[in-house]
Amino acid sequence: MKKKHDLWAYVPPSLKELIMITGITFLITMVCKSNVLGIPASSGEHVNKAVIESQQLNVSGTITDASTRETMTGVNIQVKGAVIGAITDAQGRYSLTGVDRNAVLVFSFIGYITQEVPLNGRVTLNISLTPETVGLEEVVVIGYGTVKKANLTGSVGVANSKRLENRPIASTGHALQGVIPNLNISIRSGDPKTRAELNVRGFESINGGDPLVLVDGVPMTLDMINPSDIASINVLKDASSAAVYGARAAFGVILVETKKGREGLNISFSAETSLSKPIMYLDLISDSYEYSVLRNAVYEDVGRVYLSEERLALLKRYHDDPTPENLWTVVDGQLYYNGNTDFIDYMITDFAPQQKYDMNISGATEKASYYVSFGYLNKKGYLNNKEANLDYDRFNVLMKADFKLTKWLSIDPKIALNTEFNDEPHFYVGDRALNTIVRLPPTDPITFPDLPYYLEPGDRDQWKQYIGMYFTGARNAPFAFKGGRDLYGTYDLWLTQGATLTPVKGLRIRSDFSYQVYTRMSEAQQTEIPMVGSNLLDFQIIYAQSKPTYIQNRSDYNRYYVFNTYGEYTLDKFSGHYFKVMVGFNQEWGRNQYIQARANDLATSNIRDLNATTGDQLTAGGKSHLSLRGAFYRLNYIFQDKYLLEANGRYDLTSRFPKESRMGFFPSISVAWRISKESFMKSTNEWLNNLMIRASYGTLGNQLLGSNYYPYISTMGMGLRPFIFDTGYIPYVSPPGLVSSELTWETVTTKNLGLDLLLFNQQLEFTADIYRRETKDMLMNQSYPVILGTDAPDANAADLATKGWELSITWRDKIGTNWGYSINLALSDNQSEITKYKNPTGAYNDYYVGKKIGEIWGYETYGIFQSDDEVAEAPSQAAIGSGWEAGDVRYKNLNNDDVISPGSNTLDDPGDRKIIGNTSARYSFGINPEITYKNWSLNLFFQGLFRDYYPSTGSHRDFWPFNTDGFEHWWVEESWSEDNKDAYFPKPRFMRVTSNAKNFTTQTRFLQNASYIRLKNLTLNYNLPQGLIGRLGLSTAQVYVAGFNVWEYSKIHKPLDPEYIFTTDQEYFMQRTYAIGIKVAF
Amino acid sequence: MKKIKVELGFLFFAIFLFYSCNDEYLERYPLDRISMETFWNSENDLIAYNNNLYYMAFNDVNVPILKGNPSGSSHSIWYLDLFSDNIAVGSSRLGTSYEIVRAGKHFPTTSPRDWGYEGWNFLRAVNIGLENYDKADVVQAVIDKYAAEARLFRGLFYADKVSRFGNVPWVDKELNVDSEELYLPRSPREEVMNNVLADLTFAIEKLPDDWGDGNAPGRVNRWAALLFKSRICLFEGTWLKYHGGTNAGTWLQESADAARELIEEGPYSLYSKGDTLRDYNAYHRVLDLTGNPEVIYWEKFEYGIKMNSTMGYWMEHRGGATKSMVEDYLCIDGLPISISPLYQGDAKIEDVFVNRDPRLRQTILHPDDGLYYMIQYNENIIPGPWIDGMTGNIGPACGSGYHVVKIYERTMHIQHGQNNTSTTPSILLRLGEAMLNFAEAKAELGTLTQADLDNTINKLRDRVGMPHMDISNIPVDPRYTGEGVSPLIVEIRRERRIELFMEGFRYDDLRRWKQGKKLEIPSMGILWDAAAIARYPKAAVKSSVDPVSGKTYIDIYKGTDYENPVFDETKHYLWPLPLDVLSQNPELGQNPGWQ
């Protein structure tokens, strides 16, 4: 088997060198610079020596709270790198003896920002500690700049790095769920490779779309970066705050800032190991005999027999007397298995491990700062087979520096390398879904048995060679455990150079250029897997879908660059008047290309390479490019800190539209009134720290075209088709589709009204926003008569309106000196409605004017027919299906026409259907309580929402009774029978016969309440006492235990998971994860 | 301050630049695609464009004009007889459109998919080709060859639509969203079929006799076009004759003429090695038909590149022939079983084969033939047929007891029980059909001679060692005297049913002969008496009494939704238009009886 790390071998040598050389150069530069700039090469050694040799001082002082000016009790003071320490007394005083004159003192207290202060020979050191709370002075990152929180006029959601710390999450997306109101994150699978789906403020367009994610100003994939490197995440929600990003900001903007170097030399290391288990609510009938009797009964409905009387007798014999002799029987040459196969146990591991290591080194002086970090994540899949299990690795390297070269110029280079490697069983055909694996009949054997003899005594030698081989009936098992591999490695390298000019006071000019090289090498190996059947008289080796064998390699090579430059000028000279002007320019370019080669017929399964094949070969490739250009501005005016005004705008140009309609202009404006600053509010200043109302209005554009880079250019398809004529592949060219010459931007207009409140010494923080967003000229799939012969080009023909609100409340308090607690509630809601759409027939399964997004149309259930007489008397249900009898579902006659029918599926004639629910998420919430006691802290995070769901009735879907080969206990217990007339489900029927789906057509009875609350996170953290770790030369040390998806509550019927219902194939269930981690810093 | 001015000046300059920046940097054209402007140059371009038409015609289930065995689906030609009284499936696959139509339980649905009112993308591709072939820098004769392919395909496309829906809108150019054709009513059948005839005539005029591919499956030649023409004209001629219409004779004559030209002038002959007991189905069971003298057009498959599921699906569908089908085979004296003294009855399945047309035993499994066809894996296995529900050491089960072996070839079924690993080729056009078309058209015209019969049907009979049809001594089968057609036509239709069994003609034939009522007869299987129940232990089949004979037979669809088939003559000869199509253009109007 090819090991995954061999993929490194695929990296073009030039790129490899580039990575190496840049990395090494960077490190050398750091080391040299640190000497030049006066950072001690090894501060620990330096201090130790100093204690012995230098003059020692007695130090004392008082610690106060920076916001309240009150003295603080119980503050920990530590001499860095030494065993000396102290705690403040009831008056906030402390004293230390025998401290080196050059020592650094560390002041820490739970809930406050830790400070490190060099003593520099002083004997009195009074310090005020700043609470870690989100203060008004906090700086918030916005598009092309920053702003004080107090001066924020738009709607911006903020999450700091604390949200990402000490959590057993594989990627950043998982951590942000429920944190920022109306940043909606759905995680559709427990697969570590699955990206979190992001959405800001609800349904935006019928064409879908994602928010723009910018990491340090360049577009990146959120889940590729290392969560440990993130300093803050800010979500720009309304048009006003996002306007500087123009045409790509229609779905909101997520700004991620990475960490910077901090004063001194900081080295920290963390390690975490966790175990995950799929969350499954299955209760399968595992006894073959019980199962087969039941399946025969269900089959009777369609005139079939699952197992004959003879087979049943054999199963019963083993059921009653489970001895090895009874396990296998040969009848007429047919090998029968009489035992009970537990596929779940065979295929799925109890716990999938994950490991995470992070190391970072950072430091800063007045002249320079640097931050270097390395992160490694390894996650294994759920397969109960070490060799074959999915193995996913992520490596992250981030190197940042900032050099203040002169008073007016600083430069900041940055290198970010994100790599991923994945190695998992090759996807043959059919599916590898866990859903299928866990739903196989217990009667199917897995491997060829070892028996004393087979057909006749003494023939064991002849059969010995097959022992242990998989039966074809073992479905996915042989493919997953014995097959080839699907591998990929991605290398996402970003090189950035930034420069900041501050030529005169008030003026700041910033430029940066980033270049991305993205390569992805993937390989699919379809090797042959010999399997056997159970007919010994017609015994043969079967390869099933594992033949023909092939190998396929694909390599993607993408390049992208981003150039930003902007200047801002602040004028704060005139009392009470504050002006700020920012203008800037942005240009981006991208080019993607790929080459793919496939060759059939591997010479041997052991050598998996294009060269080692003998069959047909097929190659493919492609390239595409795009470019963007934009200019933007922002004007701020603040009068007496009370009246705030901000105007934003952007001109955008995109290569995706024809020259004439290429430009778009997207302006916005916002105002705010800080009432608490008014003189008439003076009396409230004691308890009211801030009261501000905000309003904004603006328009953004959307060029939602996905990977369609040339929507206005008509092109013909071409390629190779297999074997149209005599042999091999032949080339073809297909006609072009229709394109529209009138395409233009979708526009999204948002009105936002907000309120910020800060009360009781910043103990209570409250932010609320209400908004209305109108999406106009959405590109719409136009319906034309089918004889047009192709899809009509999309036209800008539909409108949508979304209304919503969001709020965030935080309360923080301390009880005595040892206890502290806080609680945060984030709550949001939104609802969208179509306001313009062309649907001439009024078909309700299409969009129509007035449609609420997520509507479920269905029948109202009357009940279950308790007798055939009832069937005869009830309105005819022939339009839904035939063969109705006692035990089937009875639908309610809503339109009083004596028949139950779907009508013409239109609004005017919906038959007996109506709107019975809505799948859109409502009232999404996150609740985040935290309790601290001395060195302990406990952090909980609950997340949830409200919605309806109707389970898919497609074949093999796991909710519906007798729809798959695995039978659940509750299918039997909850199905109608003469003895169980109050049952939830109708009488057992074999679902895979189309006509039997009649009982499950969308209706009120089986509509699920998919609302849930889930304990997403639980972290118990312990900071080791300073006295202890000081002796070890550490500045901090933490140990934590954490859980992810620890608990949930929902009314949804098993086996559904309320959070994970929208994927059609449950390939990878959600997982519960438990972790233990340590974190130390020097 | 001066510095500020410089800096600000620079910035404003940048903004100014930006306005003039809608330049070439933002012009990004496709790097890996061709356009209409850069295409249509050489003969190679024409070939590549038409290759796509072939691909769609073979593989698009919505364009069933070269319907072979598309991969991974149950849309192969071998399934088409499921619409009819020829074959039926056991219970495992109930609910497909085949059983629904067979039972007359279909109704208008919203999706164009359901009843085949689609494939218009194919028509568009043809029309775009026809509007652009002229641009190529090659001589007219070359352009005409490819235009002839395209027009043949358009003719086939429309003939299929007319057959199903009657009147259909005629479109012979590329449409755009503002074309008025989108909202016009349907064109009358007569007009569309005249256009079809013109397309076929053009194709026959311009297509080469031979593309130089040695009858490996390649491009369609003139002979293929002639056979298509005889098929389509026969359909239209008999449709007009039996459903009422004018000019039936013209169409029948066109059919006969086309067939005659193919039979007399074409390079084809019936496949025969002189083995009357094997020749009929032998060439249906080989992988490579290159050089086969009878096969005019076929689709080839190859393991690993292009495969199908036909064999696997067919075996698993448990399909079997019906009693009605089996009873239509003559006895070796040339007489139907109703009057032949040689008929041995159907008390047990072996009896059915005694003294019968040798094609029966080359179509339906005789218990002694299981090993020969490798359908019975070895001699230790209970001989077939194996009925649904039987378990133990058996071969593949079948619903009716009449297990079809006509196309079964185990070696082409590379991996048993695995989908999409078969390499069964599809014979799309063979000379045998031309002979039957010719005889039928002439008989309907009333101009059939003994020489015509000797040149066609009697050749088919010679291949299997059956006595000749003698125009002066046509047997009268009492079962069919009430059908209102002459015994000669009864026998020609019988010959067609036997010879072309499972090749996809029966349902269309019954419709054009206006014999839909035959579909109201339930699909029965073998005699199901005490002896049979004992012989096929555990068989899970249902049975009914045959009203004609009073005996009990397997009743394949009994107990299902398709138990009592109906055929409403006022509507079932045509299929319904999908509701969505009607709502997009109400001018089209629904077919009679489906409103």
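Where in chain A does Pro1055(A) lie? Pro1055(A) sits in the loop between strand S49 (1036–1050) and S50 of chain A. The model is predicted. The peptide bond that leads from Lys1054(A) into Pro1055(A) is cis, with omega near 5°. Most peptide bonds are trans.

Chain B has a cis bond to inspect as well. The bond runs from Gly384(B) to Pro385(B), and omega is near -5°. Pro385(B) belongs to the loop between helix H13 (358–361) and strand S4 (386–387) of chain B.

Now step back to chain A as a whole. Its secondary structure comes to 13 helices and 50 strands. Of its 1082 residues, 56% are buried. Take the contacts in chain A between residues at least 6 apart in sequence: 69% of them join residues at least 24 apart. The chain exposes about 44,100 Å², and carbon and sulfur atoms supply 54% of that area.

Some of that surface is a nonpolar patch. Its members are Ile815(A), Trp819(A), Tyr821(A), Ile931(A), Tyr933(A), Trp936(A), Leu1020(A), Val1041(A) and Ile1076(A). Together they have about 790 Å² of accessible area. Strand S39 (819–836) and strand S44 (922–933) of chain A each supply at least two of the patch residues. Ile1076(A) is placed in strand S50 (residues 1071–1081) of chain A. Its relative accessible area is 45%, so Ile1076(A) is partly exposed.

Lys934(A) lies in the loop between S44 and strand S45 (936–946) of chain A. Phi of Lys934(A) is near 50°, a positive value in a residue other than glycine. Most residues other than glycine have a negative phi. Lys934(A) is partly exposed, at a relative accessible area of 42%.

Asn247(B) is a case in chain B. Its phi is near 65°, again positive in a residue other than glycine. Asn247(B) is found in the loop between helix H7 (222–243) and helix H8 (248–265) of chain B. With 45% relative accessibility, Asn247(B) counts as partly exposed.

Next, a helix in chain A. Helix H6 covers residues 309–320 of chain A, 12 residues in number. At 1.5 Å a residue H6(A) should span 16 Å, and its end C-alpha atoms are 16 Å apart, so the two values agree. Which residues of H6(A) are buried? They are Arg311(A), Leu312(A), Leu314(A), Leu315(A) and Tyr318(A). Seen down the helix axis, these buried residues fall within an arc of 160°, so they line one face of H6(A). An α-helix has 3.6 residues a turn, so residues three or four places apart point the same way. The buried residues of H6(A) pack against helix H5 (288–300), strand S18 (328–331) and strand S19 (334–337) of chain A. On the other side of H6(A), Glu309(A) and Asp320(A) are exposed.

Charged pairs come next. Over all chains, the structure holds 83 salt bridges. In chain A, Lys981(A) pairs with Glu978(A), and the closest N and O atoms are 3.5 Å apart. Lys981(A) is partly exposed, with a relative accessible area of 33%. Glu978(A) is exposed, at 52%.

The side chains of Glu294(B) and Arg463(B) meet at 2.5 Å, N to O. Glu294(B) lies in the loop between helix H9 (279–282) and strand S2 (295–299) of chain B, and Arg463(B) in helix H16 (residues 457–464) of chain B, so the pair ties together parts that are 169 residues apart in sequence. Relative accessibility is 0% for Glu294(B), which counts as buried. Arg463(B), at 3%, counts as buried too.

Arg494(B) and Glu491(B) form a local pair. Their closest N and O atoms are 2.9 Å apart in a salt bridge. The two residues are three apart in helix H17 (residues 487–499) of chain B, so about one helical turn separates them. Both Arg494(B) and Glu491(B) are buried. Salt bridges with shared partners also build one network, whose members include Glu294(B), Arg463(B), Asp357(B), Lys406(B) and Glu503(B).

Last, a point where the chains touch. Ser35(B) is in the loop between helix H1 (2–19) and helix H2 (43–59) of chain B. Ser35(B) touches Ser714(A) and Met716(A). At 14% relative accessibility, Ser35(B) counts as buried.

How values were computed:
Residues numbered from 1 in each chain as written. Chains lettered and ligands numbered in written order. Predicted model: local features only at pLDDT ≥ 70, side-chain atom pairs only at ≥ 80, totals over all residues. Heavy atoms only, no water. Patch = residues over 30% accessible without salt bridge, like charges linked within 9 Å, V, L, I, M, F, W, Y side chains within 5 Å. Areas by Shrake-Rupley, 256 points an atom, 1.4 Å probe, with all protein chains shown as cover. Salt bridge = Lys/Arg side-chain N within 4 Å of Asp/Glu carboxyl O. Helix = DSSP H or I, 4+ residues; strand = E, 2+ residues; numbered from the N terminus. Buried < 20%, exposed > 50% of the residue type's maximum accessible area, 1.4 Å probe, protein only. Expected span 1.5 Å × (residues − 1). Arc of directions from axis to C-beta. Contact = heavy atoms within 4.5 Å.
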